[in-house]
Amino acid sequence: MPHSRYLACIEACYACAAACDHCAASCLNESHVAHMVDCIRIDLDCAALCRLAAQIMSRGSEFAAQLCKLCADVCERCAAICAQYDDEHCQQCARACRQCAEECRRMS
């Protein structure tokens, strides 16, 4: 299996995507949703990119390292934005993003 060397990163990407989806949906239910627009926007971008990175790695694509570098950059940005909020879903998302960024940096 050509993707076996990427398994930890693939798992981190899918976990991060799920955390970002949860965070975005939870932010939409907050009473201060208007102040969370940047968080929601980056959550959606990060989730989409994490899924794409996982798919590319699963296929053993020659572009996996490049995409994982970009994914790590976006995850770090998402973590920084989410960490600004005290909401538990934002804090959980920030942790998942940091873990994903670490795995993606290791892979790239």
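Student: How do you know that the span of α4 agrees with what a helix of its 20 residues should have?

Tutor: The expected span is 1.5 Å times one less than the number of residues. For the 20 residues of α4 that should give 28 Å, and the end C-alpha atoms are 29 Å apart, so the two agree. Before we go on, please keep in mind that this is a predicted model, where local features need pLDDT of at least 70, side-chain atom pairs count only at pLDDT 80 or more, and totals for chains, interfaces and linings use all residues. Residues are numbered from 1 along each chain as its sequence is written, and side-chain values use heavy atoms, with hydrogens and water left out.

Student: What are the spans of α1 and α3?

Tutor: The 22 residues of α1 should span 32 Å, and the end C-alpha atoms are 32 Å apart, so α1 agrees. Helix α3, residues 64-82, has 19 residues and reaches 26 Å, close to the expected 27 Å.

Student: Why is H89 called buried?

Tutor: Buried means under 20% relative accessible area, exposed means over 50%, and partly exposed lies in between (1.4 Å probe, protein chains only). H89 has a relative accessible area of 9%, so H89 counts as buried. H89 is found in helix α4.

Student: What makes the pairing of H89 with E30 a polar contact?

Tutor: A polar contact is a pair of N or O atoms within 3.5 Å; within protein, one must be able to donate a hydrogen and the other to accept it, and residues adjacent in sequence count only if both atoms are side-chain atoms. The side chains of H89 and E30 make such a contact at 2.9 Å.

Student: Which residues does H89 contact, leaving aside its neighbours within four places in sequence?

Tutor: Contact means heavy atoms within 4.5 Å. With those neighbours left aside, H89 is in contact with H22, C23, S26, C27, E30 and M36.

Student: Is H22, then, buried, exposed or partly exposed, and why?

Tutor: H22 has 43% relative accessibility, so H22 counts as partly exposed. H22 is found in helix α1.

Student: Why do L28 and E11 get the label they have?

Tutor: L28 has 53% relative accessibility, so L28 counts as exposed. E11 has 56%, so E11 counts as exposed too. L28 lies in α1, and the place of E11 is in α1. L28 is still in contact with V33 and I40, leaving aside neighbours within four places in sequence.

Student: And why is A94 called buried or exposed?

Tutor: The relative accessible area of A94 is 0%, so A94 is buried. A94 touches A79, C82 and A83, not counting residues up to four places away in sequence.

Student: What covers the buried residues of α4?

Tutor: The cover includes α1, α2 and α3. The buried residues of α4 include H89, A94, C100 and M107.

Student: How do you know that the crossing of α2 and α4 is left-handed or right-handed?

Tutor: A crossing is left-handed if the near helix is turned anticlockwise from the far one by less than a right angle, and right-handed if clockwise. α2 passes α4 in a left-handed crossing. Axes are lines fitted to C-alpha atoms, for helices over the stretch in contact, with angles from 0 to 180 degrees between N-to-C directions; for this pair the angle is about 35° and the axes are 12 Å apart. C39, D43, C46, C50 and M57 in α2 meet C90, C93, C97, C100 and M107 in α4.

Student: What makes a group of residues a nonpolar core, and which members of the largest one touch the most others?

Tutor: A nonpolar core is a set of buried Ala, Val, Leu, Ile, Met, Phe, Trp, Tyr and Cys residues joined through side-chain atoms within 4.5 Å. The largest has 43 residues, and C13 and M57 touch the most other members. The elements giving two or more residues to this core are α1, α2, α3 and α4. C13 touches C50, A53, A54, M57, C71, C100 and C104, not counting residues up to four places away in sequence.

Key. Helix = DSSP H or I, 4+ residues; strand = E, 2+ residues; numbered from the N terminus.
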